[in-house]
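Hello,

Here is the structure I promised to pass on. Please open it first, then read my notes below.

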Amino acid sequence: MATILLAGGAGYIGSHTAVALLNAGYDVVIADNFANSSPEAVRRVERITGKQVRLYEADCRDNARLAQIFRENSIDAVIHFAGLKAVGESVAYPVRYYRNNIDTTLSLLETMADAGVKRILFSSSATVYGEENPIPYLETMPRGVCTNPYGWTKAMMEQIFEDAAKADPSLSVVLLRYFNPIGAHPSGLIGEDPQGIPNNLMPYVTQVAIGKRECLTVFGNDYDTKDGTCGRDYIHVMDLAEGHLKAIGYILQHSGVEVFNLGTGTPVSVKELVETFEAVNGVQIRRIYGGRRAGDLPEYYANADKALAMLGWKTERSLADACRDAWNWQKQNPNGYRGVET
Ligand code: NAD
Ligand code: UFG
């Protein structure tokens with residue numbers, strides 16, 4: 001079975017993808033500098049699967065370290081999760097975001113070329129569709145004008161991959177545009193572990209539920225949407241992980257550049273998400289309605305037909321499943337991976 005290098009694989013999406021890959025029989029190597037994660041996540045992946053991961057503490061901007069990883073392992077494909085992802089922080093520290101996110105990509109491409117590794121999947125984002133494209137988003141639409149430096153790093157990295165593959169037709173690239181990942185592995189052993197005050201909706205909701213935050217502020221209820229709150233395409237992180245599994249199967253057999261949306265194809269409002277969370281878990285989420293958050297679009301969601309047609313992948317889990325699994329993870333790990341002996 002093939003060996004897959006997960007750059008940034010100790011993080012939220014990487015750890016769930018590692019579980020899916022290991023369960024399918026792939027060997028997994030993880031390189032992560034733990035800028036936003038913990039080695040404990042990788043130990044938990046091993047516990048869930050009963051399989052071993054080869055873990056390197058490594059900055060993916062360090063070509064020498066990456067070269068060593070490629071020398072010591074026979075890597076068939078790379079999944080590039082490594083990056084900083086907080087939208088607000090990217091506005092405050094744009095240079096840090098451009099430096100980290102672009103450099104990890106360049107270093108991976110350089111060292112892959114030296115090592116003769118020809119296949120890479122990239123964690124892109126629905127944010128690259130920008131503000132102008134009509135919904136639902138289709139892969140054939142042009143990249144739009146991004147609203148923040150984080151989004152621009154994703155758009156620029158997509159361009160870098162496309163140019164690299166054009167120059168070297170033996171390089172195969174799959175750009176995966178994630179919509180809004182939520183939820184956790186049903187074991188509750190791995191999940192999303194934000195540092196400080198969560199920016200994203202679901203971790204904020206679970207922290208209100210557990211009493212770490214007093215009250216959720218719903219950012220805007222005067223949008224032109226079905227209930228006035230924003231609509232997003234929330235995808236269970238295990239569905240997303242299985243999308244990577246299908247994409248790995250694809251890239252091992254095909255060459256060229258492909259782009260896939262990974263989403264459910266259905267928008268859910270903030271109000272619906274919070275009400276589903278309450279109903280499924282039997283807890284109350286204190287909330288107030290506040291003003292709109294700068295940069296938020298009223299509603300967007302995926303057209304996910306291409307992933308079904310070409311990868312044979314679609315989401316299987318419901319919003320209720322994601323709400324239950326997110327709460328299960330939060331209850332079992334009130335402080336995330338912190339405080340756990342590593
Ligand atoms: P995460 O922060 O949990 O995972 C990213 C991982 O990359 C972390 O483990 C971090 O320590 C590591 N990392 C960062 N810089 C690194 C470096 N220089 N060298 C080595 N490791 C480094 O985030 P996630 O939610 O798992 O996201 C994974 C990828 O998917 C990111 O590229 C993110 O931008 C992208 N993405 C995430 C979302 C989302 O909502 N979670 C949506 C769209 C795209
Ligand atoms: N929201 C609230 N209150 C909160 C947090 C969020 O009402 O405390 C609302 C937002 O206004 C938005 C929705 O919940 O309407 C979802 O917000 P998130 O911050 O969870 O997600 P975003 O859609 O803003 O952004 C996410 C990722 C980005 C990525 C983008 C597109 O955080 O990295 O999806 O894929 F670029």
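Let me begin with one residue, Thr111. Thr111 touches Asn63, Leu66, Ala67 and Phe70, leaving out residues up to four places away in sequence. Contact here means heavy atoms within 4.5 Å. Thr111 sits in helix α5. Helices (H or I, at least four residues) and strands (E, at least two) are DSSP runs, numbered from the N terminus. At 4% relative accessibility, Thr111 counts as buried. Buried means under 20% relative accessible area, exposed means over 50%, and partly exposed is in between (1.4 Å probe, protein chains only). A polar atom of the Thr111 side chain lies 2.7 Å from the backbone oxygen of Ser107. That is a polar contact: a pair of N or O atoms within 3.5 Å, where, within protein, one must be able to donate a hydrogen and the other to accept it, and residues adjacent in sequence count only if both atoms are side-chain atoms.

Some ground rules before the rest. This is a predicted model, in which local features need pLDDT of at least 70 and side-chain atom pairs count only at pLDDT 80 or more, while totals for chains, interfaces and linings use all residues. Residues are numbered from 1 along each chain as its sequence is written, chains are lettered from A and ligands numbered from 1 in the order in which they are written, and side-chain values use heavy atoms, with hydrogens and water left out.

Ligand 1

The shell around ligand 1 has 29 residues. A residue belongs there if one of its heavy atoms lies within 4 Å of the ligand. Ile13, Asp32, Asn36, Ser37 and Tyr150 come nearest. By class, the shell has 13 nonpolar, eleven polar and five charged residues. Ala, Val, Leu, Ile, Met, Phe, Trp, Tyr, Cys and Pro count as nonpolar, Asp, Glu, Lys and Arg as charged, and the others, Gly among them, as polar. α1 (12-23), α5 (94-115), β5 (119-125) and α6 (149-167) each supply at least two shell residues. The largest share, three residues, comes from β5.

Which side chain places a polar atom 2.7 Å from an oxygen atom of ligand 1? It is that of Tyr150. A backbone N or O atom of Tyr12 lies 2.8 Å from an oxygen atom of ligand 1. A polar backbone atom of Cys60 is 2.9 Å from a nitrogen atom of the ligand. Taken alone, ligand 1 exposes 810 Å², and the protein buries 95% of that. These areas come from the Shrake-Rupley method with a 1.4 Å probe; for residues, only the protein chains shown count as cover.

Ligand 2

Around ligand 2 there are 22 residues, and Asn200, Thr217, Arg232, Arg293 and Asp296 come nearest. They divide into twelve nonpolar, six polar and four charged. Strand β8 (residues 216-219) gives the most, with four residues. An N or O atom in the side chain of Asn200 is 2.7 Å from an oxygen atom of ligand 2. The backbone takes part as well. A backbone N or O atom of Thr217 lies 2.8 Å from a nitrogen atom of ligand 2, and a polar backbone atom of Phe219 is 2.9 Å from an oxygen atom of the ligand. On its own, ligand 2 has 690 Å² of accessible area, of which the protein covers 90%.

Cores

A nonpolar core is a set of buried Ala, Val, Leu, Ile, Met, Phe, Trp, Tyr and Cys residues joined through side-chain atoms within 4.5 Å. The largest has 41 residues, and Ile4, Leu6 and Ile248 touch the most other members. Another core, of 27 residues, lies apart from it and includes Ala31, Ile102, Phe161 and Val259.

Helix α2 and local details

The buried residues of α2 are Glu40, Ala41, Val42, Arg44, Val45 and Thr49. Their cover includes α1, β2, β3 (54-57) and α11 (319-332). At the start of α2, a side-chain oxygen of Ser38 reaches to within 2.9 Å of the backbone nitrogen of Glu40. Just after α2, Gly50 takes a positive phi of about 70°. Phe34, in the loop between β2 (27-32) and α2 (39-49), has a phi near 60°, a positive value in a residue other than glycine. A cis peptide bond joins Ile135 and Pro136, with omega about -5°.

Best wishes
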